[in-house]
Amino acid sequence: MSSTSRRDFVRNAALTGLAAAPALRSANDTINLGVVGIRGRGNDHIRTFGRIPGVRIAALCDVDERLFPDRSAAVEKLSGAKPATFTDVRKMLEQKDLDAISVATPDHWHALITIWGCQAGKDVYCEKPVSHNLSEGRKMVLAARKYNRIVQAGLNRRSEVRNMAGVEYVQKATFGPAYRAKAVVYRGRTSIGRVQESSIPTGVNWDMFLGPAPYRAFTLNRFHYGWHYSWDTSTSEVGNNGVHAIDLVRWALNKSSHPVKIHCVGGFFADNSEQETPNVQNTSFEYADGTLVELEVTTLPSPSFGGVQMGEFFYTPTGYITSARNWTAVEGDFIPGSTPDPPSGISLRASNLSFPKISYKPGPAIPDLQLQEKSHFDNFIDCVRSRRREGLHCEILDGHMSTALCHLANIAFRTGRKLTFDPATETFPGDAEASGYLTRRYRAPYVVPDQV
């Protein structure tokens, strides 16, 4: 579909009411859903959405036709009817009976499909990270507002009741105000090695897979999951899993603005492969009010936190709060030394204060919230029915704000220096090099429009 026909499609959709503000939907109304990207995470979407009462998976879309028989059979088993299948998401979005879509494609497609979905009058569930660059995220927010769509970001830890309780505890500052926080993500991965370029497998629409990214020859290291290791298609492990941790930190600190200083160090260690993205990144964010936030991400062997691979820590004058062990508070007890001053009269006051006895003990128990656990997917469907975007556990604006931290970390890493950011304009004033990473050069016709 050319850019001109794309505009015609959107204009006609508006004229026919597809992009108009929808009415409240009854609980008895069937929500017809299309899933875009059905191999890994998209298969989870099929299984989860397919079990929600009143949701019908009406369409599947993927660039790899080899996936359709198995996934279609799974949908038919869940609903009793086979879904329509598409390799071109634009064709799927032309289906007038489709109410919503879920997006589980590689990162570089998230923004464009979400924007197209909003323009076509569809509500959208978009996996994390919501965008491939910072500019895209803001346009996704604008599209959701302009077309009055329900758009959920797939940062699903926000739908876990225990996380809601921990975040509320941090925000209430009962254990003291958090002046600093750290998120740690240790997700082990093995080397992708090196593979030769090869012919495109039968049934794979390689041009559609690359979409907005530059054209490159097919290799397995650039396709199924291998796309995570190329800057053209991914946002590094910071955007892949780090976004979950940094989102929880931003949520708990109640940060509705971007940081003003960003510094990121790291690199690619202990491996010799085709991977372009780093396997170690340590980022610091400084906010205008002085709050410090750190994000440490690696895929190399590292300690675990009670068997889990990520943890968040919030530091207060009283001690610290951590999510790593089912949300606990730990109190630091520092008792100054008591060595008396010698006969010479030289004061040991500073020494006694500087070398205290230190012990840690459990702090107050973090209260549970008496709420029923409801999945992120259920929450999305509830809001599709109610038309209340404020009911979403992670509305696209929150998704953009948290994903932007990952983009800022990657830009600081790629420029190799500390950056100054303007939160109001979402720009790097006077910094042409850093500003060049705020968007990308799109490959026609897969272009995120200047005006959504």
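## Helix H3

In H3, the buried residues include Phe68, Arg71, Ser72 and Val75. Viewed along the axis of H3, its buried residues fall within an arc of 100 degrees, so they line one face of the helix. The model described here is predicted.

The helix H3 itself covers residues 68-79, which makes 12 residues. From first C-alpha to last, H3 reaches 16 Å, close to the 16 Å expected at 1.5 Å a residue. Helix H2 (41-49), strand S2 (55-61) and strand S3 (84-86) are among the elements that cover the buried residues of H3. On the face turned away from the buried side, H3 carries the exposed residues Pro69 and Lys77. Gly80 follows H3 and has a positive phi, near 90 degrees.

Side chains of opposite charge can pair when their charged atoms come close. The structure holds 30 salt bridges. One of them joins Glu395 and Arg145, with the closest N and O atoms 2.7 Å apart. This pair links distant parts of the chain, 250 residues apart: Glu395 sits in the loop between helix H11 (376-386) and helix H12 (396-415), and Arg145 in helix H6 (residues 134-146). Glu395 is buried because its relative accessible area is 8%, under the 20% cut-off. Arg145, at a relative accessible area of 29%, is partly exposed.

Glu312 and Arg157 also meet through their side chains in a salt bridge, at 2.8 Å from N to O. Here Glu312 belongs to strand S11 (residues 310-315), while Arg157 lies in the loop between strand S6 (151-153) and helix H7 (161-172); the two are 155 residues apart. Both Glu312 and Arg157 are buried.

Arg158 forms a salt bridge with Asp398, and their closest N and O atoms are 3.7 Å apart. Arg158 is in the loop between S6 and H7, whereas Asp398 is in helix H12, 240 residues apart. Arg158 counts as buried at 5% relative accessibility, and Asp398 is partly exposed with a relative accessible area of 27%.

## A nonpolar surface patch

Phe334, Ile358 and Tyr360 make a nonpolar surface patch of about 360 Å². Within this group, Tyr360 lies in strand S14 (residues 357-362). Tyr360 is exposed because its relative accessible area is 52%, and exposed means over 50%.

Terms used. Residues are numbered from 1 along each chain as its sequence is written. This is a predicted model: local features need pLDDT of at least 70, side-chain atom pairs count only at pLDDT 80 or more; totals for chains, interfaces and linings use all residues. Side-chain values use heavy atoms; hydrogens and water are left out. Patches are made of residues with over 30% relative accessible area and no salt bridge: like charges are joined within 9 Å, nonpolar side chains (Val, Leu, Ile, Met, Phe, Trp, Tyr) within 5 Å. Accessible areas come from the Shrake-Rupley method with a 1.4 Å probe; for residues, only the protein chains shown count as cover. A salt bridge is a side-chain nitrogen of Lys or Arg within 4 Å of a carboxyl oxygen of Asp or Glu. Helices (H or I, at least four residues) and strands (E, at least two) are DSSP runs, numbered from the N terminus. Buried means under 20% relative accessible area, exposed over 50%, partly exposed in between (1.4 Å probe, protein chains only). The expected span of a helix is 1.5 Å times one less than its number of residues. The arc is that of the directions from the helix axis to the C-beta atoms. Contact means heavy atoms within 4.5 Å.
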